[in-house]
Amino acid sequence: MCLVCLYAILGGRSAWAQKELRVAAAADLQPVMSQLAQEYEKATGVKLVVSFGSSSTLATQILNGAPMDIFLGADFFFPEKVVAAGLADETEPVPYAKGTLVLWTRKDSGLLPLSLERLTDPKVTRVAIANELHAPYGRAAAEALRRMKIYDQVAPHFVVGENITQTAQFVESGNAQLGLISMTAASTPHFKEIGTYVLVPTSQYTEIRQCAVIMAKSDRKADAHSFLDWMLSPAVQAKLSEMGLAAVK
């Protein structure tokens, strides 16, 4: 085959290649991103390649040069670190959702009916919580316990997860009796089937304002901005409550 013909074929294949967007997503989004990614790919043809982790871990990876196009954090603080480092395309993080903290337990835990008072029940010796230094939901959980003036009672029983997904897994597996986790995890069909939850009053912790930043050096900035615009569209914002998040618009 002539070189010109081969180049034309390879060039054509490159042109047909599916667009991809590299997304660094906070662990609380793991239960919802598969649905969002499917809907976005169906609507636009762009495939989301998602990496999950604690907001702290993802921010550190980005600061160290990880090739991401957009960072969906679980708070304002860690995306702001990316902005402060001059790596973001925005001058400040863009809120895209609000998170909710819940107390969750298995239905067979022997701790029903569930209430926040169970946190200080003498029968409870293992309470899962995300690392407050790395995970915004862990920070919110620790803050809530302090405001409720039970932190010192509960802290000796902590089973600490690196992120909110691992924290939820601790309770799901029975390695913890109770867990302070995200509603995104508690709202999944599996967690609804095997467990139950109660809300931690939002008055007990600082609002979990989940924010995004687009990477300044991304070669797919236009696609990243389009995705964030889609996330902020009325149709998607209206669906967030079904996924354990609250709209910001």
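Which residues are buried in helix H4 (residues 77–84)? In this predicted model, local features need pLDDT of at least 70, side-chain atom pairs count only at pLDDT 80 or more, and totals for chains, interfaces and linings use all residues. Residues are numbered from 1 along each chain as its sequence is written, and side-chain values use heavy atoms, with hydrogens and water left out.

Phe78, Pro79, Val82 and Val83 of H4 are buried (under 20% relative accessible area, 1.4 Å probe, protein chains only). Helices (H or I, at least four residues) and strands (E, at least two) are DSSP runs, numbered from the N terminus. Down the axis of H4, the buried residues fall within an arc of 155°, so they line one face of the helix. The arc is taken over directions from the helix axis to the C-beta atoms. These buried residues pack against helix H3 (55–63), strand S3 (70–72), H5 and strand S10 (208–214); contact means heavy atoms within 4.5 Å. Just after H4, Gly86 has a positive phi of about 75°.

An open sheet of 5 strands runs in the order S7-S6-S8-S5-S9, with mixed pairing. Strands S7 (158–161) and S9 (195–199) stand at the edges, each with a single partner strand, so one side of each lacks a neighbour in the sheet. The twist averages 30° from one strand to the next. Two strands pair if DSSP finds at least two bridges between them. S6 (residues 127–130) and S8 (residues 178–182) pair in the parallel sense over 2 bridges. Ala128 has Gly179 of S8 as its bridge partner.

Two helices lie across S5, S6, S7 and S8. Helix H5 (residues 136–147) runs at about 125° to S6. Helix H7 (residues 164–172) runs at about 145° to S8. Axes are lines fitted to C-alpha atoms, for helices over the stretch in contact, and angles run from 0 to 180 degrees between N-to-C directions.

Key: Buried means under 20% relative accessible area, exposed over 50%, partly exposed in between (1.4 Å probe, protein chains only).
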